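Here is a short briefing on selected helices and strands of one model. Read it alongside the structure shown below.

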Amino acid sequence: MTKPSLPELLHAAVTAVGGTERPGQVAMTEAVAGAIDDNAHLLVQAGTGTGKSLGYLVPALAHGERVVVATATLALQRQLVERDLPRTVEALHPLLRRRPEFAMLKGRSNYLCLHRLHEGVPQEEEDGLFDQFEAAAPTSKLGKDLLRMRDWADETDSGDRDDLTPGVSDRAWGQVSVSSRECLGASKCAYGAECFAEAARERAKLADVVVTNHALLAIDAIEGAPVLPQHEVLIVDEAHELVSRVTGVATGELGPGQVNRAVRRAAKLVNEKVADELQTAAESFERLMELALPGRLEEVPEDLGYAIMALRDAARNVISAIGSTRDKSVQDEDAVRKQALAAVESIHGVAERIANGSEYDVVWCERHDRYGASLRVAPLSVSGLLREKLFSDRSVVLTSATLKLGGDFNGVGASLGLSPEGTEGEDVPVWKGLDVGSPFDYPKQGILYVARQLATPGRQGSRGDMMDELAELVEAAGGRTLGLFSSMRAAKEAAEELRGRLGMPILLQGEETLGELIKSFAADPQTCLFGTLSLWQGVDVPGPSCQLVVMDRIPFPRPDDPLMSARQKAVEEAGGNGFMAVAATHAALLMAQGAGRLVRAMGDRGVVAVLDPRLANARYGSYLRASLPDFWYTTDRNQVRRSLAAINAAAEAEGK
């Protein structure tokens with residue numbers, strides 16, 4: 001039997017999911033197959049509606065080697081494992097004459113821990129072992145959740161938190177899960193043979209396609225101990241998120257609350273002298289943190305530096321002593337020791353990193369209303385790490401609807417550690433960028449309106465003219481508005497103001513779960529939904545409920561953002577344009593994601609309105625506009641009101 005061609009395979013897969021092949025999808029499939037065959041790297045931008053999941057799954061499955069697919073969002077992981085992969089495997093099976101296996105793999109804390117469920121959480125108080133089921137009143141929300149999880153543990157095959165519906169709070173889940181550092185290990189654990197996390201790893205070892213998340217991919221790259229099985233092909237979907245997820249995993253935190261918990265956990269497991277040393281260091285650190293001001297620490301103040309070194313040294317002594325002390329009063333000693341060790345090792349690692357003061361790290365102080373002040377340390381850049389760990393020994397395909405910023409891929413490429421496209425040389429990963437477009441006719445389906453006549457937004461003060469403009473636009477659209485604001489405060493002010501002015505429902509992020517808000521927004525065309533950055537990527541509402549997307553201002557990072565300002569400064573010191581490389585790239589990515597909320601289906605029509613004149617007037621405005629879908633562009637406010645009114649009238653005439 002001859003080997004099936006790529007077009008045959010794609011046709012079978014697309015038919016199986018009830019879709020139609022699109023030119024962009026065909027081009028993507030061929031490019032991905034070529035990159036895999038040549039062991040090369042590819043950045044591919046595929047607009048909404050292209051069908052990019054099949055665009056990479058079909059060539060990956062046809063290739064036959066193990067593939068890891070890493071995504072940023074839970075929604076896409078679920079879509080791949082529950083819908084796209086089962087149907088695609090079924091459709092390709094007769095042609096490939098084999099049935100590829102697939103599995104999902106996440107970090108250990110995403111799985112229910114049977115040891116913790118049955119034995120309880122080791123506590124630092126005198127009670128020794130804490131039975132969370134007895135301690136939580138069965139009538140309380142926590143108590144009910146814990147009892148429900150105990151029942152669920154007997155039914156679930158996966159133990160995966162995301163399979164538990166309805167979900168539970170982080171606090172409740174924390175009672176029945178462990179981090180990889182706290183885990184006893186399958187060989188030492190009484191429940192090792194039944195462990196859900198170990199079972200997930202075993203399934204992944206046998207699978208042809210392993211679906212994971214960006215965070216686990218980052219842990220695999222950073223920690224040196226392989227978490228993912230060996231693979232020949234890596235596909236990173238939602239790749240615009242990768243740098244921020246890797247940065248998040250590589251960021252350490254040191255706060256008094258966390259240090260005090262570590263002190264209490266270790267106290268029973270080491271001798272008094274060693275325990276007192278850690279206690280004293282913790283108290284000095286806490287006193288200094290009470291006075292600490294938020295912001296970047298280009299140099300750690302001398303007294304704080306001494307306190308951090310004392311913490312580091314005391315933590316190291318505890319780690320050395322913890323293995324040899326046995327306290328007969330401690331029940332379930334292995335679990336207690338493992339949890340204490342994890343807490344103290346975390347303190348030691350972050351304290352050592354801050355004390356070392358590497359030029360490649362950024363240190364800052366953050367103050368939280370509820371938890372007080374803490375120190376954070378993050379890498380100045382993750383590009384070197386990604387270049388070294390991601391692009392060696394395998395073919396890497398990175399895809400997203402937003403990778404081409406300002407007209408090319410080099411901005412995103414640089415953040416991933418890649419030299420400009422076409423650069424050749426020793427130890428330089430060679431890559432190609434491909435934009436396969438979108439099936440949507442953006443100039444006919446959407447308008448980009450920039451409110452050029454408004455005052456430039458300042459850091460402080462109200463924007464009365466912006467509120468008037470927003471109210472007029474929402475009224476002309478008959479509701480149907482997704483408002484994307486640069487801060488929660490701005491979203492709240494706008495919601496309160498417009499609730500008073502307009503007789504239409506305005507939902508606000510935070511007043512309900514995101515899922516419930518989106519459901520209500522989609523259900524009633526007159527309803528508006530206002531929120532902040534986390535909404536910019538999570539809303540997929542095709543149809544007449546979302547015909548106006550408003551952005552209150554260009555979402556540059558805050559000037560006092562320690563990490564972004566440090567990255568900007570580093571680019572400038574190296575002779576580059578820090579503002580364009582960091583701030584403008586950050587804003588372009590968010591705006592492209594935000595504008596992408598408007599057109600989600602072939603029949604969608606509407607307006608993206610940016611209430612910030614700098615998009616029209618500033619020199620960098622053309623770069624930002626070139627990063628957005630190719631909508632018809634105008635600064636004429638009357639034209640845009642007429643268009644919105646016409647779109648609204650058409651939707652009402654259709655009875656929607």
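Helices H1 and H4 cross in the right-handed sense (left-handed if the near helix is turned anticlockwise from the far one by less than a right angle, right-handed if clockwise). This is a predicted model: local features need pLDDT of at least 70, side-chain atom pairs count only at pLDDT 80 or more, and totals for chains, interfaces and linings use all residues. Residues are numbered from 1 along each chain as its sequence is written, and side-chain values use heavy atoms, without hydrogens and water.

**H1 and H4**
- The axes of H1 (residues 6-16) and H4 (residues 74-96) come within 8 Å and cross at roughly 140 degrees (axes are lines fitted to C-alpha atoms over the stretch in contact; angles run from 0 to 180 degrees between N-to-C directions).
- Glu8, Leu9, Ala12, Ala13 and Ala16 of H1 contact Arg87, Thr88, Ala91, Leu92, Leu95 and Leu96 of H4 (contact: heavy atoms within 4.5 Å).

**Strand S1**
- Five of the five residues of S1 (residues 41-45) are buried (under 20% relative accessible area, 1.4 Å probe, protein chains only).
- His41, Leu43 and Gln45 lie on one side, Leu42 and Val44 on the other.
- S1 pairs in the parallel sense with S13 (residues 431-435) over five bridges (pairing takes at least two DSSP bridges).
- Leu42 has Lys432 as its bridge partner in S13.
- With S12 (residues 395-400), S1 pairs in the parallel sense over four bridges.
- Gln45 has Ser400 as its bridge partner in S12.

**Helix H10**
- Buried residues in H10 (residues 214-222) include His214, Leu216 and Asp220.
- Their cover includes strand S6 (209-213) and helix H16 (383-390).

Conventions. Buried < 20%, exposed > 50% of the residue type's maximum accessible area, 1.4 Å probe, protein only. Helix = DSSP H or I, 4+ residues; strand = E, 2+ residues; numbered from the N terminus.
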